[in-house]
Structure formats: C-alpha cells, structure tokens
Amino acid sequence: MKRETPWTAEEVAELTRRWGAGQSVRTIRKAMGRSAGSITGKAARIGLEARPSPIAFVPRMRAGACPFPTIRDGTPVACGKPLAWAGDYCPEHHVAAYCRSESRAET
Ligand SMILES: [Zn+2]
C-alpha cells in the first residue's frame, strides 16, 4: 500500500479553508490532488466539523428510483436503480437497508 504523502502546513490551511467554505470533497480532491480518503481522514484528524450524513445530500429522486445513498468519486449520490417489486429501494439496497438496521454496527 502506498504511503500517504505528509500534509504540509499550507495544505492543512487550504483544506481547512476549503472545507469551511463548504466545498465538496470531490472539489477539494481535484484542487489539491489528494484522494477523497486522504482528505476526509485528514479533516477528521484535525478536528474539522464532520459533514452531514450523505443522506442529507441526496436529492429527492424521481418516483420508482432507488434513493439509497452511495458514494461515487467521493460525492454522495442516490443509487437511482429501479425499485424492488415491493420496497423503497432497488433489490440490492433493499437487502443493504435491512441488514444495516437489524445487525449491530461493527467496530
Ligand atoms: Zn439501490
């Protein structure tokens, strides 16, 4: 696994500024040339306010499309696949949603 390049003080300042301005991880990632994981990990380590749940970012989907939030390129988006025959999610996420609510969170 590739070792992460250390963050410089300038980069930390830039991350803090961009994060505080509400820029998306995707935008910050492109601007700074770092991975989404690197950016969110660093933001957490330096105590930047956590972003709201991805669910809050997902726009209301058209009827008949799965609203399950997924991360694509570091950006929360709704799944958008056709729904299961009886459910609020596509077959794949119908299962995921049930498993998530019924099983204990792993730590
Ligand atoms: Zn789905």
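**A first walk through the model**

Trainee: Where is the place of Asp73?

Mentor: Asp73 lies in the loop between β1 (69–72) and β2 (75–78), where helices (H or I, at least four residues) and strands (E, at least two) are DSSP runs, numbered from the N terminus. Please keep in mind that this is a predicted model, in which local features need pLDDT of at least 70, side-chain atom pairs count only at pLDDT 80 or more, and totals for chains, interfaces and linings use all residues. Residues are numbered from 1 along each chain as its sequence is written.

Trainee: And what is phi of Asp73 near?

Mentor: Phi of Asp73 is near 60 degrees, a positive value in a residue other than glycine. Most residues other than glycine have a negative phi.

Trainee: Is Asp73 buried or exposed?

Mentor: Asp73 counts as exposed because it has 11 C-beta neighbours inside 10 Å; with C-beta atoms placed from the backbone, a residue is buried if 20 or more others lie within 10 Å of its own, exposed if 12 or fewer, and partly exposed in between.

Trainee: What does Gly74 touch?

Mentor: Gly74, also in the loop between β1 and β2, touches Val25, Arg26, Arg29 and Ala36, not counting residues up to four places away in sequence; a contact here means that the C-beta atoms of two residues, placed from the backbone, lie within 7 Å. The C-alpha atoms of Gly74 and Ala36 are separated by 5.6 Å, although the two residues are 38 apart along the chain. Gly74 is partly exposed, with 17 other C-beta atoms within 10 Å.

Trainee: Changing topic, how many helices and strands are in the protein chain?

Mentor: The protein chain has 5 helices and 2 strands, and read along the sequence they follow the pattern α-α-α-α-β-β-α. Of its 107 residues, 11% count as buried.

Trainee: How do α1 and α2 pack, and at what angle?

Mentor: α1 and α2 pack at an angle of about 150 degrees, with their axes 10 Å apart. Axes are lines fitted to C-alpha atoms, for helices over the stretch in contact, and angles run from 0 to 180 degrees between N-to-C directions. That angle makes α1 roughly antiparallel to α2, given that angles under 35 degrees count as roughly parallel, over 145 as roughly antiparallel, 65 to 115 as roughly perpendicular and the rest as oblique.

Trainee: Which residues in α1 and α2 meet?

Mentor: Glu11, Glu14, Leu15, Arg18 and Trp19 in α1 meet Ile28, Ala31 and Met32 in α2. By class, this contact of α1 with α2 has 5 nonpolar, no polar and 3 charged residues, where Ala, Val, Leu, Ile, Met, Phe, Trp, Tyr, Cys and Pro count as nonpolar, Asp, Glu, Lys and Arg as charged, and the others, Gly among them, as polar.

Trainee: At roughly what angle do α2 and α3 cross?

Mentor: The axes of helix α2 (residues 25–32) and helix α3 (residues 36–45) come within 9 Å and cross at roughly 110 degrees, which means that α2 is roughly perpendicular to α3. Val25, Ile28 and Arg29 of α2 make the contact with Ala36, Ile39 and Thr40 of α3, and these residues divide into 4 nonpolar, 1 polar and 1 charged.

Trainee: Where is Ser24 found?

Mentor: Ser24 is in the loop between α1 (9–20) and α2, and its C-alpha atom is separated by 7.3 Å from that of Thr75, 51 residues apart along the chain. With 17 C-beta neighbours inside 10 Å, Ser24 counts as partly exposed.
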